[in-house]
Amino acid sequence: MINFQYVRATNVTDAVRLISADPAAKFIAGGTNLIDLMKEDVERPSRLIDISRLPLKTVEQTPDGGLRIGALVPNADLAYHPLVAQRYPMLASAILAGASAQLRNMASTGGNLLQRTRCAYFYDTATPCNKRQPGTGCSAITGLNRSHAILGASEACIATHPSDMCVALRALDATVQVTGPKGERTIAISDFHCLPGDTPQRETTLEPNEIITAIVLPPLGFAANYTYLKLRDRLSYAFALVSVAVGLEFDGDRIKQASLALGGVAHKPWRDNAAETVLQGHVADQANFTRAADTLLRDAKGFGHNDFKVDLAQRAIVRALTQAANATPQSQSNKKIA
Ligand SMILES: Cc1cc2nc3c(=O)[nH]c(=O)nc-3n(C[C@H](O)[C@H](O)[C@H](O)COP(=O)(O)OP(=O)(O)OC[C@H]3O[C@@H](n4cnc5c(N)ncnc54)[C@H](O)[C@@H]3O)c2cc1C
Ligand code: SF4
């Protein structure tokens, strides 16, 4: 681990000033991902700018009935916040499906968005990795790729984004508020994370000198018909092989609005309006759920060890839609659909 300087930012303007002054500096919030990466010599910041005491820890209602979540709200506080638990239970479920209680107490909302892939080669500095060291090659494509992407991958990188929280944020159409030297801007969550293309080292559209200040949720939280289904090797403390966030709105027995996002399958939380169109205006039955899954996965392909994920994702989507339609977010009960 390299030597580094440490400084504490006093406010958001100060944080932006400090990060703009040193391209090799990094913000540190909860430190649950960054410190691990520094210990593995993957991240080598010249300076850590501690933002953990900035006043970005509130959850507030917005005038339009949505929610504004400060970037430093701990994951645990967010999941158990009454407004989140009542109005956005999909988000609460996704957060509680991640990491451990101790980690969720430390991890921040902003840091969760920026956590880096869990590809083992990315962590192993003895192996080639285009994300860690552009141009060296991708060890995973012909290596151990059981946990890797089946959608949106490139010849340069087949890593996945590991966050659970971000999958729910994608299904909820969240936006990310950031501040940089030129002022504030808002980024749709769909545009926040990047696909790898030929620049897998660039993971988000956040500029290096910008700080995330908040996440904003629109009013629609799908509180009645939702689920977050996470499939993994262990029941807890494991990253998703496949996860599915579903929100449904009904008009009688017809689906008025559907939102469907996948985690553990791509470099970013995966969503495709074509799959939702298959559901909208139709009844909630097995045939329509299967069609939606087939549409969402029409371009899915494995790289050997992870071929099983295509089938797993197919079944997970149908099961998650079933749970959401039945308003039984944690069960496999088939009350409503054939
Ligand atoms: C053993 C283990 C298991 C885990 N399991 C899961 C899991 O199952 N599911 C899951 O979703 N996550 C899991 N996590 C990841 C965990 O959720 C993240 O490490 C955490 O959310 C990161 O938040 P942090 O505040 O600690 O970020 P930090 O480590 O402090 O920072 C991460 C990155 O974000 C940057 N950053 C932080 N805040 C800001 C900001 N406001 N603006 C700009 N840049 C910022 C930092 O510079 C750094 O690059 C696990 C982590 C561990 C260690
Ligand atoms: S999948 Fe991406 S992160 Fe993993 S070795 Fe290949 S380039 Fe590196």
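Predicted model: local features only at pLDDT ≥ 70, side-chain atom pairs only at ≥ 80, totals over all residues.

Colleague: How many helices and strands does the protein have?
Modeller: There are 13 helices and twelve strands. The radius of gyration is 20 Å, close to the 20 Å that the globule rule gives for 338 residues, so the protein is as compact as a globular protein of that length.

Colleague: And what box do the C-alpha atoms fill?
Modeller: Roughly 60 × 50 × 35 Å, along the principal axes.

Colleague: What share of the residues is buried?
Modeller: Buried residues make up 55% of the 338. The protein exposes about 14,700 Å², and carbon and sulfur atoms supply 51% of that area.

Colleague: How far apart are the mean positions of the positive and negative charges?
Modeller: They are 3 Å apart, with 35 positive and 31 negative charges counted.

Colleague: Switching to α1. Which of its residues are buried?
Modeller: Helix α1 covers residues 12–21, and its buried residues are Val12, Asp14, Ala15, Val16, Leu18 and Ile19.

Colleague: What do they pack against?
Modeller: Strands β1 (5–8), β2 (25–28), β3 (47–50), β6 (175–180) and β8 (211–217).

Colleague: Which residue caps the N-terminal end of α1?
Modeller: Asn11 does. One of its side-chain oxygens lies 3.2 Å from the backbone nitrogen of Thr13.

Colleague: Now Gln115. Where is it?
Modeller: Gln115 is in the loop between α7 (109–114) and α8 (120–123).

Colleague: Is Gln115 buried or exposed?
Modeller: Buried. Its relative accessibility is 13%, and the cut-off for buried is under 20%.

Colleague: What does Gln115 contact?
Modeller: Leaving aside neighbours within four places in sequence, Gln115 is in contact with Asn33, His161, Pro162, Ser163 and Phe239. Its side chain also makes a polar contact of 2.9 Å with the side chain of Asn112.

Colleague: Last one, Arg298. Where does that sit?
Modeller: In the loop between α12 (286–296) and α13 (308–325). At 48% relative accessibility, Arg298 counts as partly exposed.

Colleague: What does Arg298 touch?
Modeller: Asp272 and Ala274, not counting residues up to four places away in sequence. The side chains of Arg298 and Asp272 are joined by a polar contact of 2.8 Å. The Arg298 side chain also reaches the backbone oxygen of Thr295 at 2.5 Å.

Colleague: And how far is Arg298 from Arg104?
Modeller: Their C-alpha atoms are separated by 35 Å, and the two residues are 194 residues apart along the chain.

Key
Residues numbered from 1 in each chain as written. Chains lettered and ligands numbered in written order. Heavy atoms only, no water. Helix = DSSP H or I, 4+ residues; strand = E, 2+ residues; numbered from the N terminus. Rg over C-alpha atoms; globule rule 2.2 N^0.38 Å. Buried < 20%, exposed > 50% of the residue type's maximum accessible area, 1.4 Å probe, protein only. Areas by Shrake-Rupley, 256 points an atom, 1.4 Å probe, with all protein chains shown as cover. Lys, Arg positive; Asp, Glu negative; His and termini not counted. Charge placed at Lys NZ, Arg CZ, Asp CG, Glu CD. Contact = heavy atoms within 4.5 Å. Polar contact = N/O pair within 3.5 Å; in protein donor to acceptor, adjacent residues only side chain to side chain.
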